[in-house]
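Dear colleague,

Here is the structure I said I would pass on. My notes on it follow below.

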Amino acid sequence: MHRCSPTLLALDTATEFCSVALLRAGQVHVRAEHVGQRHSERLLPMAQALLADASVTLADVDALAFGAGPGSFTGLRIACGAAQGLAFGLDCPVLPVGNLRALAARVLVQDTQARIIGVAIDARMNEIYWAAYQLDAGRLRELARPALSTPQACADELTNCGVNAIGGNALSVPGTHWPQAARRWAEARADAGDIVRLAAEDWAAGRAVPAAEAAPLYVRDRVAQTIAERRMTAAQAS
């Protein structure tokens, strides 16, 4: 039976930032660092330091949460793998939380008048990861599921959704006509603190999964060519 006030540890490595968060007795503690490509080096030491500061041991943790994506392909694998590994060792479940949902939650904190929130982050290669959420009885309900589009196609979809607030670094992409009526939060950035709060909602709703079933949400189906495909492309170009 689920405890009403669980102890949750959240990990996020979806971007160039690495963050960890602990929910304990209703209080959220967060550590975040700009690490570039050093997520695998910094993630567990940061988590250990966070637990030590809160006088909590891993044995006290009821579930592991992680930023499931979309985001950096390698980063998502690191967070998912770490959450699974710790959960297997503790014999506890995992709570995958979408990073776009977490970003929408962060926008909602910054913009209390937001009711339909669009989020858009730069996926590179002239593409945008985006989604839309509606505030419903104090919770974020998915209005448009996470997708990958060109910048203008994303902006058009968010206009059709009727968003009145948009957050994310994709707002800085030049030449894109974002919904004029929507307030913009280009600097909004979610971290493990946002993830652990949403994980608490999911825990209460019974959405925790066994560690073996946890998986990233890549959105982009083909993240990288296989070695054979790259060799073929190089041979054709020569």
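Glu127 is partly exposed, with 24% relative accessible area. Its salt-bridge partner is Arg220, with the closest N and O atoms 2.6 Å apart. Arg220 is buried, at 11%. Since Arg220 sits in the loop between α5 (192–204) and α6 (227–237) and Glu127 in strand β7, the pair ties together parts 93 residues apart in sequence. Please keep in mind that this is a predicted model.

The structure holds 12 salt bridges.

- Asp111 and Arg183 meet at 2.7 Å, N to O. Asp111 lies in the loop between α3 and β6 and Arg183 in strand β10, so parts 72 residues apart in sequence are tied together. Asp111 counts as buried at 4% relative accessibility, while Arg183 is partly exposed at 34%.
- Asp53 pairs with Arg31, with 2.5 Å between the closest N and O atoms. Asp53 belongs to helix α1 (residues 39–53) and Arg31 to strand β3 (residues 27–34), 22 residues apart. Asp53 is exposed at 56%; Arg31 is partly exposed at 32%.

On the sheet: 5 strands form an open, mixed sheet in the order β8-β7-β6-β9-β10. Its edge strands are β8 (139–149) and β10 (183–185). Neighbouring strands are turned by 20° against each other on average, direction ignored. Strands β9 (residues 165–167) and β10 run parallel and are joined by 3 bridges, and Ala165 stands opposite Arg183 in β10.

Two helices pack on this sheet. Helix α3 (residues 99–110) makes about 130° with the direction of β6, and helix α4 (residues 151–161) about 10° with that of β7.

Best regards

Conventions:
Residues are numbered from 1 along each chain as its sequence is written. This is a predicted model: local features need pLDDT of at least 70, side-chain atom pairs count only at pLDDT 80 or more; totals for chains, interfaces and linings use all residues. Side-chain values use heavy atoms; hydrogens and water are left out. Two strands pair if DSSP finds at least two bridges between them. Helices (H or I, at least four residues) and strands (E, at least two) are DSSP runs, numbered from the N terminus. Axes are lines fitted to C-alpha atoms, for helices over the stretch in contact, and angles run from 0 to 180 degrees between N-to-C directions. Contact means heavy atoms within 4.5 Å. A salt bridge is a side-chain nitrogen of Lys or Arg within 4 Å of a carboxyl oxygen of Asp or Glu. Buried means under 20% relative accessible area, exposed over 50%, partly exposed in between (1.4 Å probe, protein chains only).
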